[in-house]
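Subject: Structure handover

Hello,

Here is the structure for you to look over. Please open it alongside these notes.

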Amino acid sequence: DQQIENLKFVLQKQEKNLFLKGDNWYLVEKNWFEKLKKYVGVGSKQYHPGPVNNKSLFKDDGSDIRDNLSERYHYYLVPEDAWILLVNMFGIFVGQEPIKRVVVEYTEYTSSSQMHYKVEVYYIQFEMAMHTNLEDIKEKRFSQSDTLGHLQSVMKEEFNISDGENIRFWKKNESNSWDMISMHRHTDTLHHSPLLNRQLIVIEIKNPDGTWPTNWNMDKRSSVYDSSVVTHRANTSRLNQIVNQLENIQTFESRIETMRKDMKEKHKNELNKGMEKQKVENEAFERDCVSKIKKKKELEKERQGLSLPATSSSTPKCPVCLEMMAPPTRIFNCPNGHLVCGACKPRLTIC
């Protein structure tokens, strides 16, 4: 079936995890995906997986995916073109929304600090409030690839703050202290910002008289803030990277048994292919042997048909052993013109 062949082709991208920044990938529940692989491999109706069903990935109320899901242990990731094929071929379970996620860029803090790409399964969640009412908290989720400028725009929209207002932002630390957030670099991503998941962010509007409503220990901190903010930002960013690395390692650990199984299956397939190749080569060799032996018999039979009978009067006789010198006997002449067979020639010294 052409649809199955097309699906096999696009799923090769899924196996290789070829992530490109900005691409869309979709979560597919593990058990359903493994049924799909059987169906694609065999093409039998008995393995038909039915509509895509991600029910086990969602919370009971269906509001969001469950916490602490791990790739290959709870779900598989498929690229957008594969997802479109899956929905067209099998449909999606009634009432379920696709779980679409985006490939983002992140820094792996190693000796080379190289940039890498991954599918952002879980978003950052912030609590947001106005300085006038810290009890009225609104929760919003953001991608690590979102910028500080985007965060600022969302908060202004949430609290109906016009563009002409003079504003500043604060973040609340675990120690209940407050730090001002610099929004000057609007293009910085949240991934590289000092903000942590589930942190409270407060937006403050400047008074008409030019003063700020809140102080929040600013007098005590103002002398050290400028010199410490860079270090604090770097430390917080590093903490975010540690969390990401631990998440990646946890994902790897959850996949160890699956990876071992896949590797074993791969080696088994390679061994089967090697044995099949050996079988084909052996069969070809044996056919060649049979052909050569058959040809040999045909040639010998043909040679015998072309040989002269041993009793023919034209066949010379060796004067030494008195045997007829019929083919394939080798015949030699002495200087006096006498004929002698190849077997007797070495024994003659004088003719």
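Below are notes on cysteines, salt bridges and one hairpin.

This is a predicted model, in which local features need pLDDT of at least 70 and side-chain atom pairs count only at pLDDT 80 or more, while totals for chains, interfaces and linings use all residues. Residues are numbered from 1 along each chain as its sequence is written, and side-chain values use heavy atoms, with hydrogens and water left out.

Cysteines

A disulfide here is a pair of cysteine sulfur atoms within 2.5 Å. By this rule there are zero disulfides. Cys318 is in none; its nearest cysteine sulfur belongs to Cys321, 3.7 Å away. Cys341 is in none either; the nearest cysteine sulfur is that of Cys344, at 3.4 Å. Relative accessible area sorts residues into buried (under 20%), exposed (over 50%) and partly exposed (in between), using a 1.4 Å probe and protein chains only. Cys318 is buried, at 0%. Cys341 is buried too, at 5%.

Salt bridges

A salt bridge puts a side-chain nitrogen of Lys or Arg within 4 Å of a carboxyl oxygen of Asp or Glu. The structure holds ten of them. Helices (H or I, at least four residues) and strands (E, at least two) are DSSP runs, numbered from the N terminus.

- Lys21 and Glu105: the closest N and O atoms are 3.7 Å apart. Lys21 sits in the loop between helix 1 (2-16) and strand 1 (24-29), and Glu105 in strand 3 (residues 100-107), 84 residues apart. Lys21 is exposed at 53%. Glu105 is partly exposed at 28%.
- Asp64 and Arg141: the closest N and O atoms are 2.8 Å apart. Asp64 lies in the loop between helix 2 (30-42) and strand 2 (75-79) and Arg141 in strand 6, so this pair ties together parts 77 residues apart in sequence. Arg141 is partly exposed, at 42%.
- Glu204 and Arg168: the closest N and O atoms are 2.6 Å apart. Glu204 is in strand 9 (residues 200-205) and Arg168 in strand 7 (residues 167-172), so the link spans 36 residues of sequence. Both Glu204 and Arg168 are buried.

The hairpin

Strands pair if DSSP finds at least two bridges between them. Strand 5 (residues 124-130) and strand 6 (residues 133-142) pair in the antiparallel sense, over six bridges. Together they form a hairpin with two residues between them. Met130 has Asn133 of strand 6 as its bridge partner.

Best wishes
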